[in-house]
Amino acid sequence: MWVPLVRLSFPRKLVQSSRNNLNQFRFINWFSSCSISDDDDVCTTNTKKSTQEIYGGGIVCGFKWASKSADVDSVTTDIANTNRNRLVADSETLEVVNKLNSFKTKPNSAFLLFCKLKDDGFRHNVLTYCALVRILCYWRLDRKLDSLFLELIKGSGDVGFGLKDLLEAMEEEVEVSPSIVRGFDALVKSLVNLNMFDDAIDVLFHTRRHGFVQHIFTINYLMNRLIECCELGAALSIYKQLKGIGLVPNDYTYAIVIKGFCMEGRLEEAGEVFEEMELAGVAPSVFAYTAYIEGLCNKGRSDVGCEVLQYCERENILLDAYAYKAVIRGFCDEMKFDEAESLFLDMEKQGMVPDSCIYSAMIGGYCKNYNLLKALALHNDMVSKGIKTNCVIVGFILQCLCKIGMASEAVDQFLEFKSMGIYLDEVTYNIAVDALCRLSRVEEASELLEEMKLKNMSLDIMHYTTLIKGYCLLGKVVDASNILEDMHEKGLKPDIITYNVLAAGFARNGLVSQVLDLLVYMEAQGLRPDSVTHSMVIENLCIGGKVKEAKAFLNNLVDKSEETYTALVRGYCEANKTRKAYELISKLAKHGTINKGACFKVLSNLCMEGDNVRAILLFQRMFALNVEPKTIMYSKLIASLCQAGEVQKARQFFDSSVERGFTPDAVDYTVMINSYCRENSLREAHDLFHDMKKRGIQPDIITYTVLLDGFSKRNIRRVHSPLDARGNREEMADASTILWTEMKQLGIQPDAICYTVLVDRHCKADNLRDAIALFDVMIERGLKPDTVTYTALLSGCCKRGDVDRAVTLVNEMSSRGIQPDAYTLWRGVPETTILLAERLGGSLIHRATTRWRKKKHVTKSPGYHALGAGAGGGVAPMGDDMPGAHSNGSATVPGPNIEK
């Protein structure tokens, strides 16, 4: 038997007849005793049953080779004659072909026979392969076809002929056995699975030239894989030629094209495909809409994706949860959390149950925005619905805790999740290791890595780099260097990130010479220090107090960049040399370059130091260079101006920022409203409050508390006026009632600070009964009063001369572990305070009464106003004569304390 020279990918060789081979006897003996059985049929060589008897007739008899009247020998002879110019079949080959054809009703047996012959040394050729392909095609055994073609394409067997030979033989049998066309589909899919796209396309158009085409499903499979492998051009070329080869695209074909256009960001062209479908009378499938929605969201057009989603809802096109997930994730990536939450709720209304993937998208979005409370609330909601959390969601939460400075809580949460039996992967463990290193608990971090080894988890460069960082933060640079050596011993090659971390550690600890030696060592290891390396060294030298050395290091660099200069700006800020940082960033701005992150760092320092003039100039430089400041930068400057009492400047900046496109949030409005209230400009505060609601921004409990406090101060002053006490009392009641009613309608529950403001208001208005009633409600709701709350109520009792209740309150404070200070007791009416002192006794009361007797005048304190730096803090509930404070934020502005 001789194989022709026309081949595709297999080695050419001459195949000798095996008649004189000793294996011939074993081969013939095996034939004579053949008895094969498999799961779905039992076949022997002597079977007399026809195809129709076994399978109930039907399509089987429609094929020439498989019909009851078909003569196997004649079919074989036809095949041999057809191929006589190409292949000479010996008797052994004909015998195998006949044997395979005898199993035409039992395809599994035919396949087993084929494999058994090959294992016993028989060398199959084009005829035997073609015979088996014909049987498998007829019975639609696609998996076996795939296996057969994959082996043939890879060349794992010594077949001695090429794929093209088989292709030609199959083409010649189409007229004899039409079902063999299925083999071409299987062949294309096998080539596609091996990423042999050019060969698959050749087969596709080769068959067309021979007068038949493959199934549209095969074309779709090829196009889809081409797109997944970023071969959109080839996929579109096939799509355009479909009609030329006699195929009509179906809904899935159009959907694949839409997917391809979306992956390339060609959204307009993707939309045009829908128009093509309409003209062709093909209804878009769910997959087409979903692909389009996902493409829009991936390219930052989640708003349009949401419109498509809503269109599908109106047209009763039932999209699955994946489409909702794509839009929700898109909104979260674009920081549009209100829209994401609205769609999340709409999804539930549609009767769809959000899965862990959708919750993961929402929680991940909130965590990226550092909105931990929302993330945790959503996580609790997910768990309460019986949806199990996973390591990805846990990782989001732990990472968020670390980034907002709550490393200790991150460790606690990690241990809690681990105790719950939740699978935690290597990334989650690394976050916990990093949190422990931030807390200087490096030994515990090292133990956690050992625990990973016991669990057969693979430690990589990332884990060791985190540990190196921990030792560097602790100042143990020798231990950090030893870990680098351990990595080499374990066969782990440190990457540039590892070296950067170690170099930054040396710099942070002031080890300048070691930094330079390490950079030389890096180059020797084939890793060239880049701008990131240099930037980390510069910034950390400043943190380590080596500011001059950092500047000298920068000056000596051959390749200076914007990044390295920006690192020096950040370093100056870390070293509290804000003036130098401002001067350097101003020079950079004159050269037309300015880094937004560095600007934020400088602005934060300027606001912290109260240098609002330079802060405003920095904004102006950013505007001049068309660099849009971050939202938090606007908030910081507004808060800093308000904190300094420059309310008019704050309002001007606020209004101009809104005109530029800045969208203030509830915190920004509350900061401004609080400043107006402190200046008794309540009309401006009231107007700003309504503007806030007009823009669709929901006031929170702090906003209402600020307003309640502001209106109560104004009305209390009027109540104390001898002109018209009754009328003013009614005016105070009206303002408070409106705000209180609005809070209830919005479902906003007052917190301890809000109750304290209300209690203080009633006490100052000499309305002790209502103050006590509110205090009791506060206790019933489980809210804990603090020193400020008790001070307000004590003041009211003392003003009314209710010494018994005052004594009860002081004793109650002590029982709750709240120790009254001198000011708490001194704030009441002096005569009543003396009576209280006589009833209670003690050195604290003695100091308070002695203080009153010696002092004829007391410096007033404007109190604490904890609404600064955009933190959204509390309010000074006690008015202008109370030094107590409540704070929900990180920035607190204290007033002067009472003289001691």
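1. A friendly place to start is Glu450, which is partly exposed at 41% relative accessibility (buried means under 20% relative accessible area, exposed over 50%, and partly exposed in between, with a 1.4 Å probe and protein chains only). This is a predicted model, where local features need pLDDT of at least 70 and side-chain atom pairs count only at pLDDT 80 or more, while totals for chains, interfaces and linings use all residues. Residues are numbered from 1 along each chain as its sequence is written, and side-chain values use heavy atoms, with hydrogens and water left out.

2. Glu450 has a salt-bridge partner in Lys453, with 3.2 Å from N to O. The term stands for a side-chain nitrogen of Lys or Arg within 4 Å of a carboxyl oxygen of Asp or Glu. Both residues sit in helix α24 and are 3 residues apart, so about one helical turn separates them. Lys453 is partly exposed, its relative accessible area being 34%. Helices (H or I, at least four residues) and strands (E, at least two) are DSSP runs, numbered from the N terminus.

3. Elsewhere, shared partners tie salt bridges together: Arg225, Glu228 and Lys259 form one network.

4. The side chains of Glu451 and Lys418 form a salt bridge at 3.0 Å, N to O. Glu451 belongs to helix α24 (residues 442-454) and Lys418 to helix α22 (residues 407-419), and the two are 33 residues apart. Glu451 counts as partly exposed, with 22% relative accessibility, and Lys418 is also partly exposed, at 24%.

5. Asp303 and Arg301 make another salt bridge, at 3.8 Å from N to O. Asp303 has 35% relative accessibility and so counts as partly exposed; Arg301, at 38%, is likewise partly exposed. By the cut-off in point 2, the count comes to 27 salt bridges.

6. Zooming out, the protein chain has 47 helices and 2 strands. Of its 900 residues, 50% are buried. Among contacts (heavy atoms within 4.5 Å) between residues at least 6 apart in sequence, 63% join residues at least 24 apart.

7. Finally, the surface: the protein chain exposes about 43100 Å², and carbon and sulfur atoms supply 50% of that area. Accessible areas come from the Shrake-Rupley method with a 1.4 Å probe; for residues, only the protein chains shown count as cover.
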